Amino acid sequence: MKRTALVIMAAGIGSRFGKGIKQLAPVGPNGEIIMDYSIHDALEAGFNKIVFIIRRDIEEEFRRVIGDRIEKIAEVAYAFQSLDDLPDGFAKPADRTKPWGTGQAVLAAKAVLDEPFAVINADDYYGKEAYVKVHDYLVQEQPADGVLHICMAGFRLGNTLSDNGSVTRGICHIEEGALTGVTETHDIFKTAAGAETRSEDGTAAELDTDSLVSMNMWGLTPEFMDTLEKGFVEFLGGLTAGDIKKEYLLPEMIDRLIKAGTAKVDVLETADTWFGVTYAEDKESVMAAFRDLVEKGVYPADLYA
């Protein structure tokens, strides 16, 4: 069986667990957190390795809260995102406090990955279908045509909205099943008729709730890591003295590859509903959604029984 890994970006978790950190908020009937369900779905789909990207300062507590538990059911590896983890010839600006972004986070896992892998956010629930589709894509043979063949799970906009406020979503442009670009759209509100976005002057524009959006779930390859590494060097080389907040973002880097014709991103549509705790008020609805999934038999009442 071909090896595949699930990479979870969790470096954004705060340094004190249990104090309102949304990624560690219990949402399941036995105190399960969203990551528990993500890992359960990934293993069920065929992934056989879990890679946590975290910060060094939270390692001990992270292992206690979830890592040690997952090591009992799957192979686990850790990667560490750090502001000082830079290529030769570069140094962190003294006044830089903002992380380098999702591109550098994934790059931090290069040393522990030699198999195709999926990337997800720690605090997002993606449903079962996306893991199956991404896994099946990653184990397929792709054309040896000099182009990076990678994939992205595409979620219907209407399945990714919050009842408690606006969200930002990357609305996908797709031709013949492949991603051609993403329009970052801010201030998307759920409405009685569907969804709309509002401009700064208050003008509203309706959006198609069946449009596919990116929720930062990618299917990537070890070869992609080499390209990601070269891109980070280029990113750092292009910074000016005042760029202390600019980030090396995975979606932006992939978009550049698409436009350059060096990558093809197949969009795998899923009809599953995304859950996330964007607002504090979202927690109750997410807990109710997981209760419903348990009652319907989608998940056992105790994931680890």
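**Salt bridges and a helix pair**

Mentor: A search of the whole structure finds 21 salt bridges, each a side-chain nitrogen of Lys or Arg within 4 Å of a carboxyl oxygen of Asp or Glu. Keep in mind that this is a predicted model, where local features need pLDDT of at least 70, side-chain atom pairs count only at pLDDT 80 or more, and totals for chains, interfaces and linings use all residues. Residues are numbered from 1 along each chain as its sequence is written, and side-chain values use heavy atoms, with hydrogens and water left out.

Trainee: Which residue does D226 meet in a salt bridge?

Mentor: Side chains of opposite charge can pair when their charged atoms come close. Here D226 meets K110, at 3.4 Å from N to O. D226 sits in helix α5 (residues 222–237) and K110 in the loop between α3 and β4, so the pair ties together parts 116 residues apart in sequence.

Trainee: Is E59 buried or exposed?

Mentor: E59 is buried, with a relative accessible area of 19%, while its salt-bridge partner R56 is exposed at 58%. Buried means under 20%, exposed over 50%, and partly exposed in between (1.4 Å probe, protein chains only).

Trainee: At what angle do α1 and α4 pack?

Mentor: Two packed helices are described by the angle between their axes and the distance between the axes. Helices α1 (residues 34–45) and α4 (residues 128–138) pack at about 40 degrees, with axes 9 Å apart. The contact (heavy atoms within 4.5 Å) includes S38 and H40 of α1 and Y131 and V132 of α4.

Conventions. Axes are lines fitted to C-alpha atoms, for helices over the stretch in contact, and angles run from 0 to 180 degrees between N-to-C directions. Helices (H or I, at least four residues) and strands (E, at least two) are DSSP runs, numbered from the N terminus.
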